[in-house]
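Open the model in your viewer and keep the selection tool ready. This tour goes stop by stop.

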Amino acid sequence: MQKLHLGIDRSTYQIEFKKICEIAENMGFDGIELQPEHPEIFKIYPNKAVSFINDILSNYRFNISFHTPIKDLNISAYNKKIRQFSINQIKESIEFARNIGAKYVVTHGGKNSFKTASSFSRKYGKIALNSTIDALISFYDICSDNGITLSIENMSYSDWRMTSKIKYLERIFQEIPDLKLTLDIDHAILRSKTYVGKIIEVFNNKLLSSHIGLVKNYTSYIEKLIKLTNFKFFVLEPHSLTHLINPNIINLIEINKNELKKIIK
Ligand SMILES: [Zn+2]
């Protein structure tokens, strides 16, 4: 049976990390997917954050997955220094993931710095995809040296996000066949409902995990995913549950976790 992780994303940033772990345990999650940008962690990240997190985690028997930092980074940036800095930040975060015992790391692809249509934007798009591939190869090597699985997340459908379209993902997997895929259903569905199904079909043997939100909207995809032998983790991402005004986030997590458990049992 698949493991169920709670995503420590921006919608949990107002809750203390210790409290989130307590909530995850009480609700019966198997683990957490940590993003280091939770403010309580990020202010002491990376060095002091390792013992801070490990001290808290020692009270639980959680599986840990790790989401690399997102804010302000772009591994395909046109500005060489920003690109290199971004790549180094991700590399540093993989070391961090190892130190907190993460089983797998999920990361985003880069972005074409030229988002609006122009001939240069098209030209740079090719370079941006190559930068993403080169960076992913270097992340993959660090992960394998440390016994960690590396997965990339499909981003919201757009020309300029280098892990959003099927044709970009195909290129990436061609170059790094052992890389895994984390399907973010909310990101894929921005294109269309059919597109979600298509990603599952095309990359069925690459799928490791899925970021999900409102479970009742995604039952048919969840049913497809649980049939895949290589598919191991569902990560409930609280930010995907907060389309309502003033949501009670803890309540929403619990409702969706229960619905998901009913399907995967
Ligand atoms: Zn993500």
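Which residues does serine 151 touch, not counting residues up to four places away in sequence? Select serine 151 and look around: it touches Tyr104, Val106, Lys180, Leu181, Thr182, Leu208 and Ser209. Two residues are in contact here if their C-beta atoms, placed from the backbone, lie within 7 Å.

Before moving on, some ground rules. This is a predicted model, in which local features need pLDDT of at least 70 and side-chain atom pairs count only at pLDDT 80 or more, while totals for chains, interfaces and linings use all residues. Residues are numbered from 1 along each chain as its sequence is written.

**Stop 1: serine 151**

Stay on serine 151. It lies in strand E5, residues 149-153. Helices (H or I, at least four residues) and strands (E, at least two) are DSSP runs, numbered from the N terminus. Serine 151 counts as buried because it has 21 C-beta neighbours inside 10 Å. The cut-offs: a residue is buried if 20 or more other C-beta atoms lie within 10 Å of its own, exposed if 12 or fewer, and partly exposed in between.

**Stop 2: the whole chain**

Zoom out. The chain has 10 helices and eight strands. Its radius of gyration is 18 Å, close to the 18 Å that the globule rule gives for 265 residues, so the chain is as compact as a globular protein of that length. That radius is taken over C-alpha atoms, and the rule is 2.2 Å times the number of residues to the power 0.38. The C-alpha trace spans about 55 × 45 × 40 Å along its principal axes. Of the 265 residues, 42% are buried.

**Stop 3: H4 and H5**

Select residues 80-99 for helix H4 and 119-145 for helix H5. Their axes are 10 Å apart and the packing angle is about 20 degrees. Axes are lines fitted to C-alpha atoms, for helices over the stretch in contact, and angles run from 0 to 180 degrees between N-to-C directions. H4 and H5 are therefore roughly parallel to each other. Angles under 35 degrees count as roughly parallel, over 145 as roughly antiparallel, 65 to 115 as roughly perpendicular and the rest as oblique.

Show the side chains at the contact. From H4 come Arg83, Ile87, Ile90, Lys91 and Ile94; from H5, Ser131, Ala135, Phe139, Ile142 and Cys143.

**Stop 4: H5 and H6**

Leu129, Ile133, Leu136 and Ile137 of H5 make the contact with Tyr168, Arg171, Ile172 and Glu175 of H6.

**Stop 5: two backbone details**

Most residues other than glycine have a negative phi, and most peptide bonds are trans. Where are the exceptions to look at? Go to proline 46, in the loop between helix H2 (39-42) and helix H3 (47-57). The peptide bond from tyrosine 45 to proline 46 is cis, with omega near 0 degrees.

Last, pick aspartate 72, in the loop between strand E3 (63-67) and H4. Its phi is near 70 degrees, a positive value in a residue other than glycine. Is aspartate 72 buried or exposed? With 10 C-beta neighbours inside 10 Å, aspartate 72 counts as exposed.
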